Amino acid sequence: MKSYDSDDISNNHGGYQKHYGDEDHTTSAWTEHRKHFFILSSAGKPIYARYGDESRISSYMGVIQALISFFADNDDTLRCINAGEHRFVFLLKAPLYLVCVSRSGESESQLRDQLGYLYAQIISVLTQSQMTKIFEQRNNFDLRGLIGGTEIFLDSLGKLMNTYPGFMLGAIQCLTMPRELRDKVGAVLGRAKCKPLLYALLVTPTQLITLLRPRTHSMHPADLHLIFNLLSGSTTFESSESWTPICLPKFNNKSFLHAYICYIAKKVCMLLISPDKDSFFEMSNVKQKVVEGLEAGGMLASLENYAAAGTRGGFSVGDTGIPGLRHFLYKSRVNVQFTMPELTEPYATTSARKRLLRQYQNMNERMHRKTRPLKLLFHVGEQETMLGWVTSGFELYAAFGPLVSKSAVVLMSNKLLKWIRKQEDSLLILNSPSFEKFK
Amino acid sequence: MASRKKVLLKVIILGESGVGKTSLMNQYVNKKFSNQYKATIGADFLTKEVLVDDRLVTMQIWDTAGQERFQSLGVAFYRGADCCVLVYDVNNAKSFETLESWRDEFLIQASPRGPENFPFVVIGNKIDMEESKRMISQKRAMAWCQSKGNIPYFETSAKEAINVEQAFQTIAKNALQQEVEVEIDFPDPIKIDSDTSKDFGCAC
């Protein structure tokens with residue numbers, strides 16, 4: 001693994017200038033990234049690298065393939081290598097191999113989950129059946145030609161997983177807004193139903209406003225995360241009506257659905273999902289009806305206001321009236337949803353936010369460890385005191401100032417739970433409506 | 001869809017230990033040669049961009065250890081290769097005689113589609129040595145290559161950089177022929193009514 005010889009390296013394909021794409025893998029800037037992702041075919045051909053040009057580091061891909069192959073010969077599977085402060089995590093999903101090399105402190109299972117999301121992102125572009133078929137035909141296939149132009153979404157997923165706790169929690173975030181308004185908006189969507197419409201969603205791009213579904217089908221949070229990533233990964237949807245095939249792997253990994261995507265107000269995006277690839281104009285009509293319905297009820301303007309507030313965080317930790325509480329994550333296990341306040345001081349900077357998420361991840365990992373899982377965890381850290389609390393109904397992770405006593409934390413946490421209960425129906429979607437309700 | 005990226009070709013180099021596989025690769029990629037022999041441990045990987053018929057491709061060269069044969073790296077290692085280079089030393093009769101088993105083993109392990117048409121290239125290396133030491137004549141080597149379905153044959157010197165560039169140019173060109181388009185068709189649409197109901201326990 002020594003050299004590279006070229007004078008014409010162009011990373012500019014599909015109009016997307018990959019951030020970090022020109023980075024030279026022989027420099028310290030490349031090696032010092034805290035978390036690398038690599039995706040390769042099981043033949044060892046590069047498909048994607050989070051940093052640098054994946055074809056330049058094809059030698060590394062070869063090494064990865066050789067390591068995996070060595071163990072595969074003994075019917076063994078390489079899962080994780082811990083070397084100093086680095087952790088190498090492998091996810092083998094033949095015909096793809098996914099590898100993370102990280103010194104972020106995240107656990108093996110957390111990193112493997114993230115690799116699973118990257119895999120799902122690729123499936124959402126190709127479908128599982130199509131990908132399997134291609135590699136059955138040609139195991140030397142260079143997949144980059146087919147996923148070309150969608151690397152932007154792998155990049156954005158990598159970024160999102162560093163800041164958005166939904167992946168760790170396996171839950172989605174809802175836009176904080178009064179239940180009454182949410183119900184009314186849902187009713188407008190419900191009444192606009194046409195035959196090929198499967199799901200109708202309003203999102204902010206990463207928070208759910210409401211979701212209409214058939215009674216027999218729910219939507220898996222993992223699929224919703226892919227949708228959130230699609231919207232937050234590219235600004236292209238903000239300017240026009242879009243129509244795109246998308247495979248939602250948890251819904252059905254063998255086929256495409258088709259998504260109509262259109263922003264109906266600032267930060268308010270409508271997604272209409274249909275199994276019928278020819279239903280663009282029907283979906284466009286649905287949107288028209290919904291927009292008219294929302295405008296007539298004066299709802300669009302207030303939606304826009306809540307979406308703007310929601311993008312900042314929806315509510316502030318001060319709203320809870322608990323001094324000493326800095327931030328928290330609350331997940332309703334029944335609803336597979338979570339809520340959290342705005343990230344304000346001392347978590348206003350990106351690096352502070354990342355650090356806080358790592359704290360939450362450490363707590364989460366410790367509490368859900370297979371051997372000796374915990375129900376309650378009190379942790380005094382250098383910069384904050386943390387509480388983790390897991391019951392059958394909820395998970396709570398809360399950050400307090402560094403000098404708070406255990407009894408004070410317990411008292412404040414109980415107070416916080418009471419506050420959440422009271423606000424629950426604006427923080428979460430407790431009654432997700434189905435289309436049948438509006439028949 | 002976005003413009004196509006440079007295609008990447010997987011090239012595997014096989015042959016007895018000491019015939020100069022690593023030296024050939026180093027001469028080709030780094031334009032360097034060392035007289036000192038260092039056995040390759042397991043495998044070594046190098047990348048080079050080449051222009052083939054006005055098309056820029058990336059060659060991912062998998063240099064293997066001669067001594068340990070296939071066992072150490074695992075069957076999957078050879079999967080999805082686009083070209084296999086068989087190297088022997090023209091001054092070493094045994095290294096020529098084992099070419100057949102290297103070829104057979106590659107075909108077994110890599111199990112390519114259409115093994116009879118899989119591109120091999122044979123290289124007789126170390127032609128810089130004095131003529132009296134030569135054990136395998138060009139005629140004999142070419143006859144063998146011909147009998148195996150007209151494998152292209154090159155005589156090279158990694159030390160003196162003779163014919164190395166030409167050999168790899170042919171390797172790249174033949175490897176590229178493996179890159180045929182696959183059929184892409186849209187999978188059947190989902191029929192919602194016939195789908196079994198799914199509930200993930202999510203209220204949404």
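**Exercise 1. Work out in what order the helices and strands of chain B run from the N terminus.**

Start with the count: chain B has five helices and six strands, where helices (H or I, at least four residues) and strands (E, at least two) are DSSP runs numbered from the N terminus.

A word on what you're looking at. This is a predicted model, in which local features need pLDDT of at least 70, side-chain atom pairs count only at pLDDT 80 or more, and totals for chains, interfaces and linings use all residues. Residues are numbered from 1 along each chain as its sequence is written, while chains are lettered from A and ligands numbered from 1 in the order in which they are written.

As for confidence, the mean pLDDT of chain B (the predictor's confidence in each residue, from 0 to 100) is 86, with 84% of its residues at 70 or more. For the complex, the predictor gives an ipTM of 0.83 and a pTM of 0.90.

**Exercise 2. Find out why strand E4 of chain B is largely enclosed, and which strands pair with it.**

Step one is burial. A residue is buried if 20 or more other C-beta atoms lie within 10 Å of its own, exposed if 12 or fewer, and partly exposed in between, with C-beta atoms placed from the backbone. Seven of the seven residues of E4(B) (83-89) are buried, so the rest of the structure largely encloses the strand.

Two strands pair if DSSP finds at least two bridges between them. Strand E1 (8-14) of chain B runs parallel to E4(B), joined by four bridges; B:Val11 has B:Cys83 as its bridge partner. Strand E5 (120-125) of chain B is also parallel to E4(B), over six bridges, and there B:Cys84 is partnered by B:Phe120.

**Exercise 3. Identify the buried residues of helix H6 of chain A and what they pack against.**

First pick out the buried positions in H6(A) (151-160): A:Glu151, A:Phe153, A:Leu154, A:Asp155, A:Leu157 and A:Gly158. Then look at their surroundings: they pack against strands E2 (35-41) and E3 (46-49) and helices H3 (108-126) and H9 (221-233) of chain A.

**Exercise 4. Describe how domain 2 and domain 3 of chain A meet.**

Begin with the bounds, which come from an automatic or database domain assignment: domain 1 is 28-147, domain 2 is 172-312 and domain 3 is 317-427. The C-alpha centres of domains 2 and 3 of chain A are 30 Å apart. Nine residues of domain 2 and eight residues of domain 3 make the contact, meaning that C-beta atoms, placed from the backbone, lie within 7 Å.

Notes. Two residues are in contact if their C-beta atoms, placed from the backbone, lie within 7 Å.
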